[in-house]
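Some notes on the strand pairing and the charged pairs follow. Please read them with the model open.

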Amino acid sequence: MTKEDLFKGRVRDRMAVTGEPYSEARRILLADYPLPSDEEMAAADATEYDPVAYHAATAGSLPPGVLRPMGLASGAASDCYEAVIPDHFGPRKGEPGKLAVAARGHQFEGLPALVLECVEIVEGRGKVPLAWWTSFGIELNHRGWAFDPVGGDTMDWRTELTPVAGAPSAPVRARIHDGGEFVLFDGPLYVPRSWLVRTRVDPVGLLTIAGPVSGSQVPGDLDDEVVRTMLGTGNLVAAKIPVIMN
């Protein structure tokens, strides 16, 4: 298959999700989602990524963002963002609460994915966790997220990724918002350069998986089967969000 045929396939894949006409999908892919070259991917794969050594040398201690994937940190910490989520239940319906959201890199079906996990209710009007997790899912569903890997109507959303120049093991700043005033996450993300480069491979955007949105906590080890099962049972929501690399 020629490169032109591959590109046309990417255009059709994008059209199937976004509903854009061919000309618009083609323009966006040429401008914003050009496939990384083999040389780019090889260089990224060869870049050493060691956040443990990086922080031991620069700060002398390991931050929660490094410890959390190891299972050594839990709850709200400096790697979290306090997302403001309306209460969708009870007599205080509509009043905001705050949920601590942490981000971690992941892979789903061989491509980069981002996991946003609510790890604590920072301000919840005395509500139990299940109610707030459900409010979280309802709010995202209202904003275009869905219970499937393709996601919903989220083409106005943006994920802005800002790596630290010359420091491949430093955290990347990730800011995820709906294109307006609603910010879901704005904080550190620990991912290798190979992950960053491959965020351009999907013709629609970066698959972003959020939870919990009902009764089940997000497992520490997510594989493809677990993600599909949790999406199918409504314990996770997902969206594909266009990426801006700063």
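1. Start with the hairpin. Strands S2 and S3 form it, with two residues between them. Glutamate 109 sits in the turn and has a positive phi of about 50°. Strands here are DSSP runs (E, at least two residues) and helices likewise (H or I, at least four), numbered from the N terminus.

2. A word on the basis. This is a predicted model, in which local features need pLDDT of at least 70 and side-chain atom pairs count only at pLDDT 80 or more, while totals for chains, interfaces and linings use all residues. Residues are numbered from 1 along each chain as its sequence is written, and side-chain values use heavy atoms, with hydrogens and water left out.

3. S2 (residues 96-108) and S3 (residues 111-123) share 11 bridges; two strands count as paired if DSSP finds at least two bridges between them. Alanine 103 stands opposite leucine 116 in S3.

4. S2 has another partner. S1 pairs with S2 in the antiparallel sense, over six bridges. Here tyrosine 81 stands opposite valine 101 in S2.

5. Now the charges. How many salt bridges does a search of the whole structure find? The count is 13. The criterion is a side-chain nitrogen of Lys or Arg within 4 Å of a carboxyl oxygen of Asp or Glu. Side chains of opposite charge can pair when their charged atoms come close.

6. Check aspartate 79 with arginine 68. Their side chains meet in a salt bridge, 2.8 Å from N to O. Both residues lie in the loop between helix H5 (64-67) and strand S1 (81-86), so the pair ties together parts that are 11 residues apart in sequence. Aspartate 79 is buried, at 4% relative accessible area. Arginine 68 also counts as buried, at 15%. The classes are: buried under 20%, exposed over 50%, partly exposed in between (1.4 Å probe, protein chains only).

7. Aspartate 202 and lysine 240 form a salt bridge, with the closest N and O atoms 2.8 Å apart. Aspartate 202 is in the loop between helix H7 (193-197) and strand S7 (206-211), and lysine 240 is in strand S8 (residues 237-241), so the pair ties together parts that are 38 residues apart in sequence. Both residues are buried.

8. Arginine 143 and glutamate 139 meet in a salt bridge, at 2.8 Å from N to O. Glutamate 139 counts as buried, at 6%.

9. Finally, a network. Salt bridges link Glu160, Arg173, Arg175 and Asp186.
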